[in-house]
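Dear colleague,

Please look through it with the sequence at hand before you plan anything around it.

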Amino acid sequence: MNSRFWTAAGVAAGIVASAALAPAQAKTLKECAAQWDQMKAANQTGGMKYRDFTKQCMSGAAPAPSTPVTAAPAPTTAAPAPAAGAATPTATGKTGRQAMIARERACGADWKADKAAGRIPAGQKWPQYWSECDKRKKAQGM
C-alpha cells in the first residue's frame, strides 16, 4: 500500500481517534460565559479571572466553584488611623484624586451654565475659570 494515499477506513479511524481525545464535557464559549455570569452573580468566582475560567471550562475540566465570599462583620472598635502617606478621605469620603475629579466635573457643569447665562467675563478661558472654581469648591468642603 502506498503511504501517500488515504483510505476511507484510515480517515474514519483518524476521526474517531481524534474525537476520543476531545473531552466529552467540553462546553462552548457561550455556555461557559453563561456559567460565569451565574457564578459571578452568586459571588462564587473566588478571585478567578474570566479568561482562566473559560480556558478551564472549555477544556472540559470542571471549574471548582468556590464558596461564596461573605462580608466580614463590622468591627466594633474604632477604625485604625491611615498609614503615613496614604490618601485620606475628605469630608465627602473621597480620596484626593476622586475629590479633584468631582470638583472638576462640578466646575464643568457650572462653566456650561454660566457660559449659557452670559456670566463669564470677557476673555476668561476655562483654565482661569477652573482655578477660581476649584478654590471655591475646596472652600465649600468639596
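Does Cys133 count as buried or exposed, and what relative accessibility does it have? Please keep in mind throughout that this is a predicted model. Cys133 counts as buried because its relative accessibility is 0%, under the 20% that sets the limit for that class. The residue is found in helix H5, and, once its neighbours within four places in sequence are left aside, Cys133 is in contact with Cys107 and Asp110. Between Cys133 and Trp111 there are 8.9 Å from C-alpha to C-alpha, although the two are 22 residues apart in sequence.

Cys133 also belongs to the largest nonpolar core, which has 6 residues, the others being Cys107, Trp111, Ile120, Tyr129 and Trp130. Two elements each give two or more residues to this core, namely helix H4 (96-117) and helix H5 (126-139), and the largest share, 3 residues, comes from H5. Apart from this core lies another, of 5 residues, including Trp36, Met39, Phe53 and Cys57. As general background, nonpolar side chains in soluble globular proteins tend to be buried together.

Turning to the aromatic rings, the count comes to 6 aromatic pairs. In one of them, Trp36 and Phe53 are tilted, with 5.2 Å centre to centre and 45° between the planes. This pair links distant parts of the chain, since Trp36 sits in helix H2 (residues 29-41) and Phe53 in helix H3 (residues 50-58), 17 residues apart. Trp36 counts as buried at 9% relative accessibility, and Phe53 is buried as well, with a relative accessible area of 0%.

Another pair, Trp126 and Trp130, is stacked, at 6.1 Å centre to centre and with 25° between the planes. Both of these residues lie in helix H5, 4 residues apart, which is about one turn of the helix. Trp126 counts as partly exposed, at 26% relative accessibility. Ring pairs join Trp126 and Trp130 with Trp111 and Tyr129 into a cluster.

A word of caution on confidence belongs here. The protein averages a pLDDT of 73, and 59% of the residues score at least 70. Over residues 16-23 the pLDDT stays under 50, and the model has 2 contacts for this stretch beyond four places in sequence. Residues 67-74 also have a pLDDT below 50, with 5 contacts in the model beyond near neighbours in sequence. Where pLDDT is low, the predicted coordinates should not be read in detail.

With best wishes

Notes: Residues numbered from 1 in each chain as written. Predicted model: local features only at pLDDT ≥ 70, side-chain atom pairs only at ≥ 80, totals over all residues. Heavy atoms only, no water. pLDDT = per-residue confidence, 0-100. Contact = heavy atoms within 4.5 Å. Core = buried A, V, L, I, M, F, W, Y, C linked by side-chain atoms within 4.5 Å. Buried < 20%, exposed > 50% of the residue type's maximum accessible area, 1.4 Å probe, protein only. Phe/Tyr/Trp six-rings, centres within 6.5 Å; stacked < 30°, edge-to-face > 60°.
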